[in-house]
Each structure stands twice: as structure tokens, then as C-alpha cells.
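Work through the exercises below with the sequence and the model side by side. Try each task before you read its solution.

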Amino acid sequence: MYPRAFDYCVARSVEEALELLSRYGDDARALAGGQSLIPLMKLRLASPSRLIDIGRIANLTHIAQSDKGLAVGALATHAGVLTSPIVRGQWPLMADAASVIGDSQVRNWGTVGGALAEADPASDWGAAALALRARLRCASTRGERVLDADGFFIDAYTTRLAPDELITEVIFPTPRQPAAGAYLKLERRAGDFAVVSIALQLTLEKNSVCRDASIALAAAGLTPISALDAAASLIGKELNPHVIGEAAERVAAEAEPAVDIRGSEEYKRAAAAALFKQAVEVVLRRARGEKVEAGHAR
Ligand code: FAD
């Protein structure tokens with residue numbers, strides 16, 4: 001289908017985009033990579049009267065490490081994250097997540113900020129941001145605020161962003177060291193959204209005793225969710241098969257998957273538990289310095 005008619009304008013700076021969003025109000029939508037918004041408009045599930053193209057704003061594509069963590073501009077693409085040497089070297093969970101998003105067209109056009117703002121329940125960035133305790137820098141003509149990823153997603157496709165507000169940057173705080181992470185996605189076929197995905201970030205002493213843990217799931221609820229009970233069950237423990245098995249049961253219990261064409265609730269809960277076990281294995285091997293491919297579930 002064709003979208004309904006709309007006006008289109010290009011913002012050349014964040015300030016200009018914010019001014020246009022404020023001027024045109026609820027009927028206007030920011031257009032970043034267009035990989036969610038354009039398909040929705042073609043299906044007439046979204047019909048904004050004006051698109052404000054923010055995709056050409058030059059200074060929002062950075063991926064930069066500081067002593068506080070990694071700052072990722074809202075317009076950094078999934079491919080940009082995936083090919084960043086900093087991400088590949090030091091942020092394996094993010095590299096895994098970026099690698100499994102859609103196909104190369106989606107990864108080349110789609111942006112981190114757009115994915116978080118879209119708040120698809122199956123969003124790979126949503127789960128990655130929760131597990132990495134990301135903070136979202138947001139701006140409007142009223143000023144700037146920083147929101148935690150935890151609490152940012154309030155319902156399916158709904159966030160705490162105001163209609164005239166933009167995400168400008170996502171800050172991923174440096175995890176407590178020594179840390180390792182992984183992201184695993186179960187999908188029916190390459191390029192599909194997840195049946196269920198897991199993001200796991202651990203701080204490990206002597207490569208096996210858990211000092212900090214963060215677990216998040218995608219496609220396991222109306223929003224990306226944190227498996228807080230499962231994460232708490234790992235703290236202070238040697239990660240042996242018994243502890244991992246118990247935590248996997250908690251992951252399954254904390255998931256709230258919907259029944260859909262990708263599977264039953266029971267299947268998705270079992271898949272979440274199995275993915276968790278795989279993710280722990282990957283993280284433990286990575287903590288020992290092994291190069292392990294992840295992203296797609298085995
Ligand atoms: P757009 O489509 O331009 O915008 C999406 C929404 O976010 C709009 O409402 C827009 O107004 C708003 N927005 C955009 N940028 C900002 C900002 N900086 N601040 C505030 N609001 C903003 N995603 C996955 O996670 N996993 C997948 O496996 C996956 N597979 C896909 C397969 C296909 C075929 C397609 C088309 C998409 C897929 N996606 C997947 C979605 C993809 O990740 C999109 O890139 C992403 O959801 C939206 O990013 P975008 O830059 O394209 O945003």
C-alpha cells in the first residue's frame with residue numbers, strides 16, 4: 001500500500017529538528033532510518049501529516065569511548081555499531097545484538113535511537129540497553145533530560161518520550177570489571193524478529209564467581225524486560241550447572257511471552273531458559289579470553 005499524503009522537511013541540526021517537532025506537534029514524526037516508520041506508514045498503521053527527516057544531522061552518528069562508558073549517537077546505524085572497532089573489541093554484547101538485526105539493508109539504514117524510540121517488544125536494542133543499564137540523553141525545546149533504559153519502555157511501542165522529544169545519545173556505562181557479555185537471539189529464519197532473545201552481562205571474579213549480573217529479554221513481554229530475580233540468584237555464586245539451571249528456571253518464569261505465529265507461551269519460556277544457558281556458556285568462555293561467535297542461537 002502507499003502511505004497517506006504527508007509533508008516532508010529536512011532538519012540540519014538537533015536544534016532545528018526540535019523546533020520543527022515543537023511547531024508541528026503531535027501530527028509530526030521524526031524520520032531517522034525509516035526502517036520501522038516507513039513500513040508502518042505503508043500499512044497505514046501510522047499516518048503522520050509531516051515527516052521531519054533527522055537522518056542528515058551530522059553530529060549524531062558518533063560511537064566514542066570515555067572513562068564513563070560508551071556514547072552512541074542516536075543516528076549511529078546498527079551496521080555502524082557492528083563495524084565499530086571499539087564495540088567489537090570491548091562491547092561484545094552490543095556487537096552480537098547489532099549483528100542479528102534484520103538484513104543488511106535494515107542494519108545499514110536503521111538507527112539505535114530509532115530502534116529504542118520505536119520500542120518494539122522484540123527490539124534487540126531494547127534488551128541490550130536494559131542489560132547494559134543504558135541511559136538515554138533526550139532533548140526537546142524545553143531542555144535536556146537523561147532517562148534510564150530501565151523504566152523507559154512503558155508498553156508495546158510506547159516510551160516515556162514526549163511527542164516533541166528526541167533521543168540524541170545513548171550512554172552505555174562501563175560495566176563493573178572484569179566483565180563479559182553476550183546477546184543471543186532465536187529466530188525462525190535469518191532476518192526475522194526474535195522468537196525470543198537474551199542479553200546477558202556478568203562481572204566475574206576468577207572467571208567464574210558472579211559479582212554482578214544483568215539479564216534482559218526481548219520478545220518476552222509487551223516491552224523488553226529485565227529478569228531481575230534470575231540475575232539476583234547469580235550474585236555471589238560460583239556459576240556451576242546447578243546455579244545456572246536454577247537461574248534458567250527463573251528466566252523462564254520471569255518471561256511473559258505472547259502466543260503468536262512464532263510460538264506458544266510454553267515454547268518461548270523454554271526457549272528463554274535454553275538461550276540463557278547458552279549465553280552463560282558464551283560469557284564464561286569470553287571471560288577466559290576465548291573468541292566466541294554469538295548473536296544467533298545454536
Ligand atoms: P525510524 O523508522 O525512522 O523511526 C521509528 C520511530 O522512532 C518513529 O516513530 C520515529 O519518529 C522515532 N524516532 C526515530 N529516531 C528517533 C530519535 N532519535 N528520537 C526520538 N524518536 C525517534 N529490529 C530489531 O530490533 N530486530 C530485528 O530483527 C529487526 N528486523 C527488522 C526487519 C525488517 C525487514 C525491518 C524493516 C525492520 C526490522 N527491525 C528490527 C527494526 C529496525 O531495527 C529499525 O531500524 C528500528 O526499529 C527503527 O530505526 P529507524 O532508524 O529505522 O527509525
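**Exercise 1. The second largest pocket**

Task: find which helix gives the most to the lining of the second largest pocket.

Solution. Step 1: the helix is H5, with five residues in the lining of the second largest pocket. Helices (H or I, at least four residues) and strands (E, at least two) are DSSP runs, numbered from the N terminus.

Before step 2, a note on the model. It is predicted, so local features need pLDDT of at least 70 and side-chain atom pairs count only at pLDDT 80 or more, while totals for chains, interfaces and linings use all residues. Residues are numbered from 1 along each chain as its sequence is written, and side-chain values use heavy atoms, with hydrogens and water left out.

Step 1: go to the centre. The lining has 26 residues, and Arg 88, Gly 89, Trp 91, Pro 92 and Arg 286 lie nearest the centre of the pocket. A pocket is found on a 1 Å grid over the protein atoms alone: it is an open set of points where a 1.4 Å probe fits, with protein on both sides within 12 Å along at least five of seven lines, and lining residues have an atom within 4 Å of a point.

Step 2: sort the lining. It divides into eleven nonpolar, nine polar and six charged residues. Here Ala, Val, Leu, Ile, Met, Phe, Trp, Tyr, Cys and Pro count as nonpolar, Asp, Glu, Lys and Arg as charged, and the others, Gly among them, as polar.

Step 3: give the volume. The second largest pocket has about 640 Å³, taken as the space filled by probe spheres set on the points, with grid points joined across faces, edges and corners.

**Exercise 2. Around the ligand**

Task: which residues come nearest to the ligand?

Solution. Step 1: they are Ala 30, Gln 35, Thr 111, Asp 124 and Lys 185, out of 32 residues around the ligand. A residue is near if one of its heavy atoms lies within 4 Å of the molecule.

Step 1: trace the shell to its elements. Strand E2 (28–31), helix H7 (112–118) and strand E10 (166–173) each supply at least two residues. H7 has the largest share, four residues.

Step 2: sort the shell. It holds 15 nonpolar, eleven polar and six charged residues.

Step 3: A polar contact is a pair of N or O atoms within 3.5 Å. A backbone N or O atom of Ala 30 lies 2.5 Å from a ligand oxygen. For Asp 192, a backbone N or O atom is 3.4 Å from an oxygen of the ligand. A polar backbone atom of Ala 115 also lies 3.4 Å from a ligand oxygen.

Step 4: The ligand has 970 Å² of accessible area on its own, and the protein covers 89% of that. Such areas come from the Shrake-Rupley method with a 1.4 Å probe.

**Exercise 3. Strands and hairpins**

Task: in what order do the five strands of the open sheet stand?

Solution. Step 1: the order is E14-E13-E12-E11-E15, with mixed pairing. Strand E14 (225–226) and strand E15 (295–296) are the edges, each pairing on one side only. Two strands pair if DSSP finds at least two bridges between them.

Step 1: Strand E13 (residues 209–218) and E14 run antiparallel, joined by two bridges. Leu 217 has Ile 225 of E14 as its bridge partner.

Step 2: turn to E6. Six antiparallel bridges join E6 to strand E7 (residues 143–148). The two form a hairpin with two residues between them. Ser 140 stands opposite Gly 143.

Step 3: follow Arg 135. It faces Asp 148 in E7, and its bridge partner in E10 is Ile 171. E6 and E10 run antiparallel over five bridges.

**Exercise 4. Two backbone details**

Task: where is the cis peptide bond?

Solution. Step 1: it joins Gln 177 and Pro 178, with omega about -5 degrees. Pro 178 sits in the loop between E10 and E11.

Step 1: check Arg 133. Its phi is near 55 degrees, a positive value in a residue other than glycine. Arg 133 lies in the loop between helix H8 (124–131) and strand E6 (135–140).

Terms used: A polar contact is a pair of N or O atoms within 3.5 Å; within protein, one must be able to donate a hydrogen and the other to accept it, and residues adjacent in sequence count only if both atoms are side-chain atoms.
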